[in-house]
Amino acid sequence: MLHSWCVQAEWNAPTVVGGQGARFWDEAGRQYLDMSSLAECMNLGHQHPALIRAIQAQAQKLCFVNSSWGAGPRAELAERLLERSGFAGGRVFFTLGGADANEHAVKFARQASGRTQGKIVTRDRSYHGASYATMALSGDSRIPQRDDDPFGVLHVPPPYAYRCPYGTDDELECAERNVAHIGEVIAREGSQNVAAVLMEPSAGTNGIIAPPNYWPRLREETRKRDVYLIADEVMSGFGRCGEWFACAAYGEEGKPDLMTLAKGLTGAHIPLGAVVLAEHVAAKLEHSMLSTGLTYCGHPLACAAGVAAIAAYDDERLIERSRHLGRAMLRRLEEMQNTHAVIGDVRWGGGLFAIAELVKDRRTREPLEPWPGVHPSMHKFVSLARERGVSFAIRGNLIILAPPLVIPEKDLQWALDTMDGLLGELNWS
């Protein structure tokens, strides 16, 4: 195999053979409490019984039919997504994952706007996928071969309040200046030459969780400039940020024109992505050829899992649970920040998503390593945590906390206690 996001000669990991809830285990029988939902996608935990039953039942009836034909699970899931997103009268296009959802959102925005060669504005320190088009859309340190020009992408700095590229220490002002800059970029290009702004509303493993005024101000600016706003909710959706979708925290003021989904859509039990289009965007596509397709788009097994996932979020009140446990996690992280000088900043996404950024010097905010370098103690942190039965994720100087929404509260506290202890044990100089 070729393993993603690593040097092949350095890959060495145990084989995972099972999981249940917030835990998984390897072939040697070692158990790990999952504090990252593996790839921030196991929102419902491992082997959720309702999803397993739904997949098994659908497999007994119909495994596949292409999009030239109707399929019950596909139609039902589309209806559920339009209900939860508040996009009544809109349309849903199913994909295989997050990257092709973002590619198709760009296609639809260009076609619906009539700006077929229109530019797409995205930001640095972002991630939208690893296909050639989504590498261009992303501002990710792991992508050295990014080529923006053929894909018509314009990048702007992020609203990174802790290290604001606009020279202010005030997070609200940082957001205001960032949005103003985006408006200037659109004006410079001409609104008629910009098809969409594509952004993550809240969270991402590049570590930028936007200030609270950022998304509604961005929505206001894009409306004023007559440019579609695409919300990449691949990671932030389905309770990760304490709402069905992160942009829902802002009500009608934050509603985008298109939204992309994956990860929590099926809780990663089967690959599935989606683009949700608001009614006014979908209406522009009603009477023209939709020149795109995927053999497995709207796969019945995946859509059956998606229907079961939405029911599980509802039945188990997991959106509310994410908010409740997320607040407890935030309080514990802030206590750690008061104890450990190595924690420079704690950022919270509104639910079970938070990031601790580690620094050499809290006063100067000097990072442990220049981004995206990884300090040796970060690797040691992950290794020792695994030995103690906890699986954490890191990126550069960031510890990423995104456990399954079903994690027991006592397990969450134990994992955070483990993190606290390791921060005190390790040498961060």
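Strand 4 (residues 91-95) pairs with strand 10 in the antiparallel sense over five bridges, where strands are DSSP runs of E with at least two residues, helices are runs of H or I with at least four, and both are numbered from the N terminus; pairing requires at least two DSSP bridges between two strands. Within this pairing, V92 stands opposite V276 of strand 10. Strand 9 (residues 258-261) also pairs with strand 10 in the antiparallel sense, over four bridges, and L258 has L277 as its bridge partner there.

The model is predicted, with local features needing pLDDT of at least 70 and side-chain atom pairs counting only at pLDDT 80 or more, whereas totals for chains, interfaces and linings use all residues. Residues are numbered from 1 along each chain as its sequence is written, and side-chain values use heavy atoms, without hydrogens and water.

Five of the five residues of strand 10 (residues 273-277) are buried, so this strand is largely enclosed by the rest of the structure. Here, buried means under 20% relative accessible area, exposed over 50%, and partly exposed in between (1.4 Å probe, protein chains only). In a regular strand, side chains alternate between the two faces of the sheet. Both faces of strand 10 are covered, with G273, V275 and L277 buried on one side and A274 and V276 on the other.

Turning to the cysteines, one disulfide is counted (a pair of cysteine sulfur atoms within 2.5 Å). This disulfide joins C164 to C174, with an S to S distance of 2.3 Å, and is right-handed, with 100° about the S-S bond. C164 counts as buried at 13% relative accessibility, as does C174 at 0%.
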